[in-house]
Amino acid sequence: MRLRVRFSKLGKVRFTSHRDVARIWERALRRASLPVARTEGFSPRPKLHFGLALSTGYESLAEYLDVDLVEGTIVDLAVLPEALTAALPGGLAATAVATVPPGTPSLQHAVTSSRWEVEVHDLDLATVTARTEALLAAPELVTTRQRKGKDVSDDVRPHLLHLQPQAHPAEGVLLVAELGAQNRGLRPSELVALLGDGAREGRVRRTHQFTEHDGTRCEPLPAPHALERAS
Amino acid sequence: MLEPILPLVSKPARYIGGEDGAQVPEHGPGRVAWLLAYPDTYEIGLPNQGLQILYEILNERPDAVAERTYAPWTDLEERMRAEGVPLFSVDTHRPAADFDVLAFNLSAELTYTNLVGMIDLAGAPVRAADRAIDDLLVGAGGHCTYNPEPIAAFLDFVVLGDGEEVAGEISAALAGWKAARVAGDPVTRHDALTALAGVTGVYVPALYQPVTDAEGRLVATRPIDPAAPELVEKRTVADLGQWPYPRQQLVPLTEVVHDRLNVEVFRGCTRGCRFCQAGMITRPVRERPAEQVRTMVAEGLRRTGYDEVALTSLSTADFSGVEDVVGAIVRSGERPAPADEGEGQGPGSSLDCGAGLGGPGAGLASDISVSLPSLRVDAFTVGIAAEIQRARRTGLTFAPEGGTWRMRQVINKLISDDDLYGAVESAYSQGWRRMKLYFLVGLPTETDEDTLGIATLARNVVEIGRRHHKNPSVTVSVGGFVPKPFTPFQWFGQNTRQELERKVGLLRDALRRDRGVQLKWHDPRATTVEGIMSRGDRRLAAVIEDVWRHGGTFQEWSEHFDLQLWLDALERQGLTVEELAYRHRTEDEALPWDHLSAGLHKDFLWQDWRDALAEVGLEDCRWTPCYDCGACTGYGIEHVVASAVPPAGGSQGTGPSPAAVPVALGRRPVPAGAG
Ligand code: SF4
């Protein structure tokens, strides 16, 4: 049986890496006494499947994880989010859990885009708005990036799906963006760089991930989002 | 202040705290605030059990509160200094200056420059003599503090021995003083120091002065204040069973060394290896009751979610409850079996992690692995290892330490070649392919024949391996010997750096053609600096400070170690390696740690040194008459062991020969004669 878990990563724990979070989950599942299936062979590993890596330092309300359970396990899905959250360190919380049918594509492949909230510091709202409009109006946005140690030029315009600046309650501007995830996609830090001179990246938070299913955009878990937690 | 720089540094997760088991401290004027420090990276420092034990014990007290800090890596330190961010606690990111005590755990000499750097980063003057009433009180404990003289100038107080009781007593001694200071009453820093000197086991360096003769040689270190005792005695916790700590071992959020549940099964060692300071200074042996170990393992695994537990001590196979405990853990990790399980159950049932969310049976901790970091060389040990390491059969480590039987008699590590070969044979026959062998070079009386004996042993081990596998591999790890205070070898002049390098070279040449043997060695240049510090005196403070001022931090890390910094600093102070490290000490000479006591009589150590030179071995005093070393008799305590008979095994000649050892752990007995 495969469980799909949505979890959030907020506050200081955002400084843990993708690998750290994987290790934390392995231990949390054991603490919650969930019988996770293991790989065969010389050094068996628990069968956990993570989605697209979240950069160290970014927060998220919408991380996903698939867990294969030992055959024949009976779980009470209703209590699971709370039980898992209790087994996780502060800042990580399971917000939704569901079973997924066999044959569901892996998160790595299924997720096509993410929605982000990106704090932009050192620029005012008017400037960011003007520059955002210019970006959206551009037919092509060629960026040079490193791939396998070599500089490669990409047109990232197709990955810019949505971009909306708004006033940030505390500092600078909050940019709500939906960025493509497949084929290397576009990263929030690259987006901030595209905004041009003077833009400095503040806190970044992933709020949603989306998959495409028969041409419609949906989330990897149908369950509603839990309320945003304080960081 | 700190968080904005964290995205800019490497591995920021090590600075955020928030581990499971982390305490929620409540500071207040009535509480002495401790900042417990490890002078190396988080990855190395977090697992330190001594620090974790104090962290919990102090936070349980009404008059104390404790947080933790580790050395920031160079990239963060640079930014902290640039932006004026001081040393902070990982728990709440409080600046160090908000604490009363900055207390270091010191287990390696090469961290001394980090200690100085951290005091400076904390905002206190690095020299204790320059600190004012509101500055931190800087203390230290751990194995290195049995000779704290090289760092005495930086420390306000030093703790000798077990910390469980003394940490509370120090808090109590300082609580009144702090309350008075906070209230503005006229108290002085000297008042705090004399209060500390009144606690048994606490040494206050400022209250002592070294006395030297006309040639500048040390005659004695004497108290200069009535509050300071002539001799500072170490502290010994008589009953480990009363201290089941850590109860809540910290579970790090990011990668660290020894990332597993650690349960200390006993403290102390009486095997009497003459090179081993830890064995000497932690006497007598105090075992934790087997029942308590089982509980700590079961609860620890359940609480932390670890799938690995290490039973720690200086020689875990000596633990009289080892069979029970290991058997229990192993069985708890097996899947529930049908009815005939009965005979195999025993204490194992108490380890059943119980049914969890997944329903009956689902919560069994599957594939728990147990490691015994300190193994003795005999078939008994291998038998246990076979049981517990089935799941992850990685390497097996043995530590013969010396290359020849003669050498091992000198160092009192009484393992015969046959003991080793027997253990190796049974390990290979049970499926291991990789062995690790630990040796020391530069031991007293060592000849080239002894050094080359290491190559012979390694070669023979590979030979034995070939009888069982196609490509057996043996890693030979060689460390340069550093004479340590409170050991029989404290009088021995350490081998010169050149001599150690020559010996490593001999081995390298001898093993060049041996496929299957990999030689690794500890840098003799680092060994030399360790040797200088190990038996150094107060003159070294200037050297340490000089090296630190020239950027010499993280000297434990080979990429940062810089011998030249040390040699230059020594020269500037008019000191030589010859005098500090390479010189033999004489019987009547005053040693820098003579005013401190690890419980061992100096004449016992001297006699043991003579015995070493005469190649006379001593048997384990746990099972044979006492040699009156002082460790038990002096303190009115005794070895605490559950079993009155020695565990089976041949390594000290105290048990039956390996081949005859019946090993019956779990379901699958080791075939008789496997050794
Ligand atoms: S006092 Fe005797 S029994 Fe105790 S450690 Fe020393 S030699 Fe062994």
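How many residues of chain B are in contact with chain A, and how many of chain A with chain B?

## Contact between the chains

In this predicted model, 33 residues of chain B are in contact with 27 residues of chain A, contact meaning heavy atoms within 4.5 Å. Together the two chains bury about 2,300 Å², of which 52% lies on carbon and sulfur atoms; buried area is the accessible area (1.4 Å probe) that two parts lose on being put together, summed over both.

## Salt bridges and residue classes

Six salt bridges are counted between chain B and chain A, each a side-chain nitrogen of Lys or Arg within 4 Å of a carboxyl oxygen of Asp or Glu. Arg14(A) forms a salt bridge with Glu3(B), with 3.0 Å between the closest N and O atoms. On the side of chain B that touches chain A, the residues divide into 13 nonpolar, ten polar and ten charged, where Asp, Glu, Lys and Arg count as charged, Ala, Val, Leu, Ile, Met, Phe, Trp, Tyr, Cys and Pro as nonpolar, and the others, Gly among them, as polar.

## The largest cavity

The largest cavity has a volume of about 110 Å³, a cavity being a set of points, on a 1 Å grid over the protein atoms alone, where a 1.4 Å probe fits but cannot get out; the volume is the space filled by probe spheres set on points joined across faces, edges and corners. Of its 13 lining residues, Phe7(A), His18(A), Phe50(A), Leu52(A) and Glu63(A) are the closest to the centre, lining residues having an atom within 4 Å of a point. By class, this lining has eight nonpolar, three polar and two charged residues.

## Basis of the values

Residues are numbered from 1 along each chain as its sequence is written, and chains are lettered from A and ligands numbered from 1 in the order in which they are written. Local features need pLDDT of at least 70, side-chain atom pairs count only at pLDDT 80 or more, and totals for chains, interfaces and linings use all residues, while side-chain values use heavy atoms, with hydrogens and water left out.

How values were computed:
On a 1 Å grid over the protein atoms alone, a cavity is a set of points where a 1.4 Å probe fits but cannot get out, and a pocket is an open set with protein on both sides within 12 Å along at least five of seven lines; lining residues have an atom within 4 Å of a point.
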